[in-house]
Amino acid sequence: MNLEKCNICPRNCGIDRTKGIGYCKCNDKIKIALASIHRYEEPCISGENGSGTVFFSHCNLNCIYCQNYEISQQGKGREITIGELAHIFLKQQAKGVHNINLVTPTAYAKQIKEALIIAKKEGLSIPVIYNTNGYENIETLKELEGLIDIYLPDLKYYSNELSKKYSKVDKYFEIATEAIQEMDRQVGRPIFNENGMIQKGVIIRHLVLPNHLQNTKHILKWIKENMPEGTYVSVMVQYFPTYQAKEEESLNRKLTKKEYQEIENYLYTLKLENGYMQELGEHEEEYVPNFDLSIEN
C-alpha cells in the first residue's frame, strides 16, 4: 500500500498523495465525517447495542445515486491523525457496541491498518468490519489479513455498461468478484456468537435498482453458482432517488411492490437461504445519517 505512488485501489492512479490528491480526492490524511453508534445495519451487526461506525470521506467510485453523496462525492468531513482514529475505535468499544464498522474505508486502508495495530495493542477486542463498495485491490486486502474480522462488500453491477453509466468505473464486476473471493478466503462463512452477533465472515450486499431487475438476478445467480454453499447475502431495497439520480429517468423513483416481489420470488427460486432481504419501506431518506462531523461521546 503505497501513498507516494498510490496503488491502494483498482484505479491505480499512481498519484503521490503526500503532495496531491488521487482520483478519490484523498491526500495522505485521514478524513472522516462521523463516528457514531449505528442501529440500521443487518440484525447480526447492529444487534441491541448498535454498530460502532466510522464514516470515511471520499470514495473511489462516483455513484450518481449515492445516499451518502455529501461525504463520498462532496468530501464533507474533517481530518484526523492515525492516533486519533485508534482512539475512536477504543472509545466506540467502551460504549459497548458490537463491532467497529469502517464505512467506505478503501482509500484509507494504509492508515486504517496502522490505527488498528495501535488499537489492538491497547485493548481493542471486538470484531472489525470492512464495509466497502467492493471495488478493491486484492493486494490491499491481503495486507489487511488478520486485522479484519468481517467483510461487508457491495456487489453492485453485473453489467459493465451499468457500472460505467452509474458509477464511472470499468470492469467493476470482474474486479469486485475477485475481491469478494479473496475476502472469503480470509474469513470464510459467517460465525455468530450465542446472541446471534456476527464475529467473523463475509456478507455480500446488493442494492436493487429500479428498472434493473435483470442486473440483480445476474448478481444473485453468480453468488449461488460461484460462492461456497452457505454464503450470506443481504438484498437491500432501500433505494431512493438522490444526488444526480433525480435527473436520470431510469433511476428517478423507488422500487415498486411488483419489483420487490419479483426479486423475493427469484431468491426463493435460487434457494439462497442464508442472509437478509429488507422490507420495502416508505421513508428510506430518514435513515441517512446526519454527517455533522461529530464523534459521539
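Let's start where two helices meet: Ile-82, Leu-85, Ala-86, Phe-89 and Leu-90 in H3 are in contact with Gln-111, Ile-112, Glu-114, Ala-115, Leu-116, Ile-118 and Ala-119 in H4. Contact here means heavy atoms within 4.5 Å. Sorted by class, the contact of H3 with H4 has ten nonpolar residues, one polar and one charged. In this sorting, Ala, Val, Leu, Ile, Met, Phe, Trp, Tyr, Cys and Pro count as nonpolar, Asp, Glu, Lys and Arg as charged, and the others, Gly among them, as polar.

A word on the source: this is a predicted model, where local features need pLDDT of at least 70 and side-chain atom pairs count only at pLDDT 80 or more, while totals for chains, interfaces and linings use all residues. Residues are numbered from 1 along each chain as its sequence is written, and side-chain values use heavy atoms, with hydrogens and water left out.

Back to the helices. Helices (H or I, at least four residues) and strands (E, at least two) are DSSP runs, numbered from the N terminus. The axes of H3 (residues 82-94) and H4 (residues 109-121) come within 8 Å and cross at roughly 55°. That makes H3 oblique to H4. For such angles, under 35 degrees counts as roughly parallel, over 145 as roughly antiparallel, 65 to 115 as roughly perpendicular and the rest as oblique.

Now for the aromatic rings. Rings of Phe, Tyr and Trp (its six-membered ring) pair if their centres lie within 6.5 Å; planes under 30 degrees apart count as stacked, over 60 as edge-to-face and the rest as tilted. By this rule there are ten aromatic pairs. Here are two of them:

| Pair | Type | Centre to centre | Between the planes |
|---|---|---|---|
| Tyr-69 and Tyr-243 | stacked | 4.9 Å | 10° |
| Phe-173 and Trp-222 | edge-to-face | 5.9 Å | 85° |

The Tyr pair links distant parts of the chain, 174 residues apart: Tyr-69 sits in helix H2 (residues 69-72), and Tyr-243 in the loop between strand S9 (232-236) and helix H9 (257-270). Tyr-69 is partly exposed, at 24% relative accessible area, and Tyr-243 counts as partly exposed at 24% too. The cut-offs: buried means under 20% relative accessible area, exposed over 50%, partly exposed in between (1.4 Å probe, protein chains only).

What about Phe-173 and Trp-222, buried or exposed? Both Phe-173 and Trp-222 are buried. Phe-173 lies in helix H7 (residues 172-187) and Trp-222 in helix H8 (residues 213-226), so this pair ties together parts that are 49 residues apart in sequence. Elsewhere, Tyr-135, Tyr-157 and Tyr-172 form one aromatic cluster.

Notes
Axes are lines fitted to C-alpha atoms, for helices over the stretch in contact, and angles run from 0 to 180 degrees between N-to-C directions.
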